[in-house]
Amino acid sequence: MPALLAGAEHYDVPVLDDGTVRLRRLEPRDVPQLALNCADPAAAEFTTVPLGYTEDDARWYVGQFVPEAWRAGREYNWAAVDAATDRLWGTVGLNALRGTTADVGLNFGPHARGTGAAEAACRLLLDHAFPALGLTYAYWMAKVPNWASRKLAWKLGFRSPVRIDGFMEQRGASVDAWILTLAAGDPRTPTTAWDGPPAPGGPGPERRP
C-alpha cells in the first residue's frame with residue numbers, strides 16, 4: 001500500500017485549489033447535493049452508487065465511510081466544489097490503493113457537466129497524489145460504454161485503453177470495463193487521437209458512495 005497521506009490518521013484533508021475548483025473535506029453541508037448527484041440516472045447507469053440513493057446514504061458516506069477510509073489509508077475522497085461559491089460539483093478521489101498504484105474515482109452531478117469542473121478536479125488530484133503518495137501509476141476504470149468517462153481520461157493523458165469483459169462489479173453483477181493507465185512521468189495531455197464518438201454522454205467513474 002502507498003504511504004499514508006500526511007495527516008491521514010487525523011483526517012486532515014489537504015485543500016487543493018486552482019482558483020476555479022477547490023478540493024476539500026466533505027462536510028455535512030454537502031449532503032443534499034451529494035444525494036442529488038448520486039440519484040441521477042446517469043450515476044445509476046455508469047457508477048456503483050446504490051440505487052434509490054437518499055440523504056441518509058449521503059450522511060453515512062460523509063460522516064462514516066470517508067473519514068474511516070481516509071484514516072486507514074484505504075481511500076482518499078475529496079469534495080470538488082466551486083471555488084467561488086463552495087457549491088458541490090461532485091466527489092473525486094483515489095481508491096483500490098495497492099503497492100505504488102491507485103485507481104481514480106469520481107462522480108459529478110448533472111449541473112457540473114460541460115463546466116470543465118471534473119477535468120480540473122482530476123488535474124488537482126493527480127498533481128497532488130503522485131508526489132504525495134509516491135505513486136508510479138494511476139488507473140482509470142470506466143464501465144463500457146461510458147464514453148464521457150473514457151474521453152475525460154484521454155484528456156488527462158491516460159493511455160492504452162484495454163477492454164476487459166466482466167471486470168467491473170456493479171451491484172453484484174459483472175459488467176464490462178475499460179482500463180486506462182497514467183504513469184507518474186506521463187504528460188497530462190492526450191497522447192493519441194480521440195477514437196470515440198464526438199459527443200459522448202454520462203458521468204465519470206465512481207467506486208462509491
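In what order do the eight strands form an open sheet? In this predicted model, the order is S1-S2-S3-S4-S5-S6-S8-S7, and the pairing is mixed. The edges are held by strand S1 (16-17) and strand S7 (159-170). Each of these has a single partner strand, so one side of each is left without a neighbour in the sheet. Helix H1 (residues 31-39) packs on the sheet, where it touches strand S4 (88-98) and strand S5 (101-108). The direction of H1 makes about 70 degrees with that of S4.

Both senses of pairing can be illustrated. S7 and strand S8 (residues 173-183) are antiparallel and share seven bridges; within this part of the sheet, glutamate 169 has serine 174 in S8 as its bridge partner. S5 and S6, by contrast, run parallel and are joined by four bridges. Alanine 138 in S6 stands opposite alanine 102. Five of the seven residues of S6 are buried, so S6 is largely enclosed by the rest of the structure.

Together with Val162 and Ile164, Phe167 forms a nonpolar patch on the surface, and the accessible area of the three is about 250 Å².

Helix H5 (residues 147-155) is largely enclosed by the rest of the structure, since seven of its nine residues are buried. The buried residues are Ala148, Ser149, Arg150, Lys151, Leu152, Ala153 and Trp154. Their cover includes S5, helix H4 (117-133), strand S6 (137-143), S7 and S8. Lysine 155, also in H5, is partly exposed, at a relative accessible area of 34%. Leaving aside residues up to four places away in sequence, lysine 155 touches Glu119, Arg123, Arg188, Thr189 and Pro190. Just after H5, glycine 157 adopts a positive phi of about 100 degrees.

The structure holds 16 salt bridges. Side chains of opposite charge can pair when their charged atoms come close. One of the salt bridges is formed by the side chains of arginine 24 and aspartate 86, at 2.9 Å from N to O. Arginine 24 is in strand S2 (residues 21-24) and aspartate 86 is in the loop between strand S3 (76-82) and S4, so that distant parts of the chain, 62 residues apart, are linked. Arginine 24 is buried, with a relative accessible area of 7%, whereas aspartate 86 is partly exposed, at 24%.

Aspartate 86 also meets the side chain of arginine 29 in a salt bridge, again with an N to O distance of 2.9 Å. Arginine 29 lies in the loop between S2 and H1 and aspartate 86 in the loop between S3 and S4, so this pair ties together parts that are 57 residues apart in sequence. Arginine 29 counts as exposed, at 54% relative accessibility. Arg24, Arg29 and Asp86 belong to a network of salt bridges that also includes Asp30.

A further salt bridge is found between the side chains of arginine 159 and aspartate 186 (2.8 Å, N to O). Arginine 159 is in strand S7 and aspartate 186 is in the segment after S8, 27 residues apart. Arginine 159 is partly exposed, with a relative accessible area of 27%, and aspartate 186 counts as buried, at 19%.

Key: Residues are numbered from 1 along each chain as its sequence is written. This is a predicted model: local features need pLDDT of at least 70, side-chain atom pairs count only at pLDDT 80 or more; totals for chains, interfaces and linings use all residues. Side-chain values use heavy atoms; hydrogens and water are left out. Helices (H or I, at least four residues) and strands (E, at least two) are DSSP runs, numbered from the N terminus. Buried means under 20% relative accessible area, exposed over 50%, partly exposed in between (1.4 Å probe, protein chains only). Contact means heavy atoms within 4.5 Å. Two strands pair if DSSP finds at least two bridges between them. Axes are lines fitted to C-alpha atoms, for helices over the stretch in contact, and angles run from 0 to 180 degrees between N-to-C directions. Patches are made of residues with over 30% relative accessible area and no salt bridge: like charges are joined within 9 Å, nonpolar side chains (Val, Leu, Ile, Met, Phe, Trp, Tyr) within 5 Å. Accessible areas come from the Shrake-Rupley method with a 1.4 Å probe; for residues, only the protein chains shown count as cover. A salt bridge is a side-chain nitrogen of Lys or Arg within 4 Å of a carboxyl oxygen of Asp or Glu.
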